[in-house]
Amino acid sequence: MPAIRTIDCSVIISEVARLCQEANYRLGEDVINSFKKSCETEVSQSGKEILNLLVENAGIAAAESIPMCQDTGVAVVFLELGQDVHIINGDLYEAVNQGVRKGYQEGFLRKSIVGHPLERVNTGDNTPAVIHTKIVPGEQLKITVAPKGGGSENMSALKMLKPAEGVEGVKKFVLDTVKNAGPNPCPPLIIGVGIGGTMEKCAMLAKEALLRPVGEPHPLPDIARLEQELLEKINKLGIGPSGLGGRTTALAVHIEIFGCHIASLPVAVNINCHAARHKSVVI
Amino acid sequence: MTRVRLTTPLTDETAANLRIGQQVLINGVIYTGRDAAHKRLVELLDQGKELPVDLRGQIIYYVGPSPAPPGRVIGSAGPTTAGRMDAYAPRLIEIGLKGMIGKGARSEAVTEAMKKYGAVYFAAVGGAAALISKCIEQAEVVAYPDLGPEAIYKFTVKDFPAIVVNDAFGGDLYQEGRKIYAEE
């Protein structure tokens, strides 16, 4: 029998706090390289200028340790907890929230969360975090912090299609969602698409798809082809950087799939702005 | 295209001279406001009360800045989605608001009010918040500090870059831009 490994909550608090700040200050190289690559192919002059500004903005944020975007997001935290790990000295979820509190306070990140969706009073510390947990084999804990901005989250959508609508129905829903979003979610975008599962599983697939390095294709060739086809179609919509017109409306389309009921074909589109932020650690 | 330097408050004439696609550099005082502050402002108007700031000729920047780290006047400060203020904006335009800065499309009710009273909607580059913060030379909360990032700030800005998206004549750069580059 494998030994049980212990992880102290204090480590989780400090790592979550650090990841909140890292994610907000330092945009991934994959995203920055994608800006640069798109700049070479973008035909709109304003589009090129905006892509260059975004590279410059990411540089300033990283060099000066300030957030790349003022919307430092809801703290979405993914935990992959090894089944041979024992969490000690506290409550795991409370430790994550404590880390978010610490990270947002000490890192001068904006507190953007209201405690009650209808009463709408700011909690003042950016909690509660949205925490997703997966139990996996092993004796490690992987923490990913993915701060998600409200502007792009608001333009996301989910639809339960009829199986008869098939792949054409999926394409139409993705394109309609991006078209309807227009300039609002801060293009160029990363589009996370979930296909299959149940309603909530499908939404999770779309969210998880955003964590993949920008432009890395799905391992299944048919899904990778669908990603490419959707990206090309989205970039023909003309929305462009900042929505001012151009061919770079999206940097990537990432699809994740899951088995589903014989009666169902759920599709979820989770739109991410160009501040595609996520940082991970394995403890 | 040459950028036009604007200084607030804006006159009717200045607003009337701006057309979609015009790049501008805004100077002087601008006020911030998001949904929660707008809701309160419109409630005051409904009650016939005076607003905490005189918005005549002014520009509201739709932003909720991140907190200022030590040694800085403000944290990162890029535009938020303007559409969330559409329910309130026509009332403020009616009382003399001349400009709005944000990102994203406006409703017909807002663009109609802009035509009727001569106001302009500018876009700043969404997400370029670290860069934009460099144009903000002074920042102070002038109303609703209890709203935190949604409080009304008075910013003094120098050469704040923006582009006219909706002018006072019904022009819409988002629609025009999309038409040029759409392939289907």
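Modeller: In this predicted model, the side chains of B:Lys134 and A:Glu64 meet in a salt bridge, with 2.7 Å between N and O. The interface of chain B and chain A has three salt bridges. Polar contacts between chain B and chain A amount to 17 residue pairs, counted with both residues at pLDDT 80 or more. On the side of chain B that touches chain A, at least two residues come from each of helix H5 (129–132), strand E7 (152–166) and helix H6 (173–181) of chain B. H6(B) has the largest share of that side, five residues.

The extent of the interface can be described in residues and in area. In residues, 40 of chain B are in contact with 40 of chain A. The size of an interface is often given as the accessible area lost when the parts come together. For chain B and chain A the buried area is about 3,200 Å², with 59% of it on carbon and sulfur atoms. B:Leu131, B:Arg178 and B:Tyr181 account for 21% of the area that chain B buries against chain A, more than any other three residues do.

Salt bridges also occur inside chain B. B:Glu150 pairs with B:Arg34, with 3.4 Å between the closest N and O atoms. This pair links distant parts of the chain, 116 residues apart: B:Glu150 sits in the loop between strand E6 (136–143) and strand E7 (152–166) of chain B, and B:Arg34 in the loop between strand E2 (23–32) and helix H2 (35–46) of chain B. B:Arg34 counts as buried because its relative accessibility is 11%, under the 20% limit. A further salt bridge joins B:Asp35 to B:Arg84, whose closest N and O atoms are 2.9 Å apart. B:Arg84, at a relative accessible area of 26%, is partly exposed.

Chain A is split into domain 1 (5–24 + 68–148) and domain 2 (151–276). The C-alpha centres of domain 1 and domain 2 of chain A are 26 Å apart. Their contact draws eight residues from domain 1 of chain A and 12 residues from domain 2 of chain A. Between these domains of chain A about 710 Å² is buried, and carbon and sulfur atoms give 70% of that area. A:Phe78, A:His132 and A:Lys148 supply 64% of what domain 1 of chain A buries against domain 2 of chain A, more than any other three residues.

The charged and polar links between these domains can be listed in turn. The count between domain 1 and domain 2 of chain A is one salt bridge. A:Lys148 and A:Glu153 meet through their side chains in a salt bridge of 2.8 Å from N to O. Three residue pairs, with both members at pLDDT 80 or more, are in polar contact between domain 1 and domain 2 of chain A. On the side of domain 1 of chain A that touches domain 2 of chain A, the elements giving two or more residues are strand E4 (130–136) and strand E5 (141–148) of chain A. E5(A) gives the most to that side, with three residues.

A:Glu153 also forms a salt bridge with A:Lys207, the closest N and O atoms being 2.8 Å apart. Because A:Lys207 lies in helix H7 (residues 199–209) and A:Glu153 in helix H5 (residues 150–153) of chain A, the pair ties together parts 54 residues apart in sequence. A:Lys207 counts as buried, at 12% relative accessibility, whereas A:Glu153 is partly exposed, with a relative accessible area of 30%. Elsewhere in chain A, a network of salt bridges links A:Glu168, A:Lys171, A:Glu229 and A:Lys233. Over all chains, a search of the whole structure finds 28 salt bridges.

Lastly, an unreviewed UniProt entry annotates residues 15–281 of chain A as "domain: Fe-S hydro-lyase tartrate dehydratase alpha-type catalytic". Over residues 15–281, chain A is 39% helix and 23% strand, and the end C-alpha atoms lie 8 Å apart.

Definitions and conventions
Residues numbered from 1 in each chain as written. Chains lettered and ligands numbered in written order. Heavy atoms only, no water. Salt bridge = Lys/Arg side-chain N within 4 Å of Asp/Glu carboxyl O. Helix = DSSP H or I, 4+ residues; strand = E, 2+ residues; numbered from the N terminus. Buried < 20%, exposed > 50% of the residue type's maximum accessible area, 1.4 Å probe, protein only. UniProt positions renumbered as here; feature names shortened; annotations may be inferred. Domains from an automatic or database assignment. Contact = heavy atoms within 4.5 Å. Buried area = accessible area lost by both parts, 1.4 Å probe. Polar contact = N/O pair within 3.5 Å; in protein donor to acceptor, adjacent residues only side chain to side chain.
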